[in-house]
Amino acid sequence: MRFNVPERINDLQTALFSAGVETFVVGGAVRDMISGRMPHDFDMATPETPDRVKAACGALNIRTISDLGEKHGTVAVVTGGEVIEITTFRTDSGYSDKRHPDSVSFTDTIEEDVKRRDFTMNSLYLDKDGNVRDTVGGVEDINARIIRAVGDPDIRFKEDALRILRAVRFASKLGFAIEDKTAEAMKRNAILLKGI
């Protein structure tokens with residue numbers, strides 16, 4: 001299964017790849033392409049550190065915007081008048097406010113990065129050649145029109161209670177059904193929404 005991204009995104013990926021920075025289009029854009037919709041925005045992920053991404057962008061004369069989430073591994077670049085966020089693969093730990101990670105550690109594997117994501121349909125990666133990387137059955141869930149939490153749904157919602165509302169919004173917007181275990185965990189953890 002291969003997909004084509006807009007020229008500006010392809011050009012950015014190709015330029016970064018030539019500088020030794022592998023990037024993947026990630027998340028909602030990949031979900032939308034698989035669903036037959038044109039994405040409105042594109043985010044990227046990389047195994048490279050933010051410093052490495054910024055250095056490569058500097059060498060390629062690609063403008064970056066300072067301090068837009070770098071402590072969480074995100075470098076914002078400007079291409080074609082559009083801001084694209086490139087986030088280092090990471091693991092998150094501790095969600096004391098039930099919304100944001102207390103700490104972030106970088107990793108160099110998709111398999112580790114995907115564990116922190118919300119739903120399988122948002123946990124897909126598209127390489128520069130348009131090939132989908134799917135480690136959690138996200139493509140199958142999109143085709144079946146199912147919203148399923150990545151891993152243990154109770155853990156996903158306790159990390160970030162806003163994910164409960166995101167599941168409802170996605171179900172309404174996309175016409176997808178919420179998988180039973182995910183729906184049950186949403187009900188069990190609904191009280192956490194008081195803190196949002």
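**Salt bridges in the predicted model**

Asp154 and Arg188 form a side-chain salt bridge, with an N to O distance of 2.7 Å. The model is predicted, and it holds 14 salt bridges.

- Asp154 counts as buried, because its relative accessibility is 18% and the cut-off for buried is under 20%.

Glu179 with Arg148
- A salt bridge joins the side chains of Glu179 and Arg148, at 3.8 Å from N to O.
- This pair also connects distant parts of the chain, 31 residues apart.
- Glu179 is in the loop between strand S11 (177-178) and helix H8 (180-188), while Arg148 is in the loop between strand S10 (146-147) and helix H6 (153-159).
- Glu179 is buried, at a relative accessible area of 16%, whereas Arg148 is partly exposed at 29% relative accessibility.

Glu111 with Arg133
- Glu111 and Arg133 make a salt bridge in which the closest N and O atoms are 3.9 Å apart.
- Glu111 belongs to helix H4 (residues 110-114) and Arg133 to strand S9 (residues 132-134), so the contact ties together parts 22 residues apart in sequence.
- Glu111 is partly exposed, with a relative accessible area of 41%, and Arg133 is partly exposed as well, at 36% relative accessibility.

Network
- Salt bridges link Arg31, Asp32 and Arg37 in a network.

Definitions and conventions: Residues numbered from 1 in each chain as written. Predicted model: local features only at pLDDT ≥ 70, side-chain atom pairs only at ≥ 80, totals over all residues. Heavy atoms only, no water. Salt bridge = Lys/Arg side-chain N within 4 Å of Asp/Glu carboxyl O. Helix = DSSP H or I, 4+ residues; strand = E, 2+ residues; numbered from the N terminus. Buried < 20%, exposed > 50% of the residue type's maximum accessible area, 1.4 Å probe, protein only.
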